[in-house]
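Hello,

Here is the structure I promised to pass on. My notes follow below it; please read them with the model open.

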Amino acid sequence: MAKENKTNVMRILEAEKVAYHPYYYENHDGKIDGVSVAAKLGQDVDHVYKTLVTRGASGGFFVFVVPVAEELNLKAAAKSVGEKSVEMIHVTEINKVTGYIRGGCSPVGMKKQYVTVLDASCEALESMIVSGGKIGTQVELSPKDLMRVAGAKTAPVAIRP
């Protein structure tokens, strides 16, 4: 295998002295959705989380991190950040807002520090897996470390489809 490429997410975690484990997966098949990524990594879907970016009624942006097989409960999400409502941003806005592309959006290292909420389900885990900031890369770390580095809090914001 070629030399391991560190992403900006990994550099930030190292600078913050956060222990993490990198994962790499093939993405040439185009299957980069969270459930497919969990399968490629041989991980339970309740252990792998996706990063979703929303816009609140106030116009501000909010980041939510939920298990890949679940969906964001928009009402619970809005309540958790004190907004009247939130809606998913359009995929074409992801790069402009976060600095990441769809499929490689991480709650760590966005262009700006947005209010970030991890689904409360992560509190029961010793570690969780999130995007490493690039398609084909994931990082596993403790929820507490992710909360600290991303400036996040937890709330029950995910629902099973």
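**Domain and overall content**

UniProt, in an unreviewed entry, places the feature "domain: YbaK/aminoacyl-tRNA synthetase-associated" at residues 37-148. Please keep in mind that this is a predicted model. Over residues 37-148 the chain is 21% helix and 30% strand. The end C-alpha atoms of that stretch are 25 Å apart.

**Helix 1**

Helix 1 covers residues 8-15, and Val9, Met10 and Leu13 are buried in it. Seen down the helix axis, the buried residues fall within an arc of 95 degrees, so they line one face of helix 1. The general rule is that an α-helix has 3.6 residues a turn, so residues three or four places apart point the same way.

What do the buried residues of helix 1 pack against? Their partners are strand 1 (21-24), strand 7 (128-131), strand 8 (137-141) and helix 5 (143-150). Just after helix 1, Lys17 takes a positive phi of about 60 degrees.

**Salt bridges**

How many salt bridges does the structure hold? The count is six. Three of them are described here.

Arg148 and Glu16 meet through their side chains, at 3.3 Å from N to O. This pair links distant parts of the chain, 132 residues apart. Arg148 is in helix 5, and Glu16 is in the loop between helix 1 and strand 1. Arg148 counts as partly exposed because its relative accessibility is 44%. Glu16 also counts as partly exposed, at 39% relative accessibility.

Arg160 forms a salt bridge with Asp46, with the closest N and O atoms 2.7 Å apart. Again the pair links distant parts of the chain, here 114 residues apart. Arg160 sits in the segment after strand 10 (158-159). Asp46 sits in the loop between helix 2 (34-41) and strand 2 (49-56). At 34% relative accessibility, Asp46 counts as partly exposed.

Arg160 also meets Glu70 in a salt bridge, at 3.4 Å from N to O. Glu70 is in the loop between strand 3 (61-67) and strand 4 (71-72), 90 residues from Arg160 in the chain. Is Glu70 buried or exposed? Glu70 counts as buried, because its relative accessibility is 11% and the cut-off for buried is under 20%. Together, Asp46, Glu70 and Arg160 are linked in a network of salt bridges.

**Asp119**

Asp119 is found in strand 6 (residues 115-119). Asp119 is buried yet has no salt bridge. The nearest side chain of opposite charge is Arg160, 8.7 Å away.

**Gln113**

Gln113 is in the loop between helix 4 (94-98) and strand 6. Gln113 counts as exposed, because its relative accessibility is 56% and the cut-off for exposed is over 50%. Its side chain reaches the backbone oxygen of Ala150 at 2.6 Å. Leaving aside neighbours within four places in sequence, Gln113 is in contact with Ala150 and Gly151. Gln113 and Asn5 are 108 residues apart in sequence and 24 Å apart in space, C-alpha to C-alpha.

Best wishes

Definitions and conventions. Residues are numbered from 1 along each chain as its sequence is written. This is a predicted model: local features need pLDDT of at least 70, side-chain atom pairs count only at pLDDT 80 or more; totals for chains, interfaces and linings use all residues. Side-chain values use heavy atoms; hydrogens and water are left out. Helices (H or I, at least four residues) and strands (E, at least two) are DSSP runs, numbered from the N terminus. Buried means under 20% relative accessible area, exposed over 50%, partly exposed in between (1.4 Å probe, protein chains only). Lys and Arg count as positive and Asp and Glu as negative; His and the chain ends are not counted. A salt bridge is a side-chain nitrogen of Lys or Arg within 4 Å of a carboxyl oxygen of Asp or Glu. UniProt positions are given in the numbering used here, feature names are shortened, and annotations may be inferred rather than shown by experiment. The arc is that of the directions from the helix axis to the C-beta atoms. Contact means heavy atoms within 4.5 Å. A polar contact is a pair of N or O atoms within 3.5 Å; within protein, one must be able to donate a hydrogen and the other to accept it, and residues adjacent in sequence count only if both atoms are side-chain atoms.
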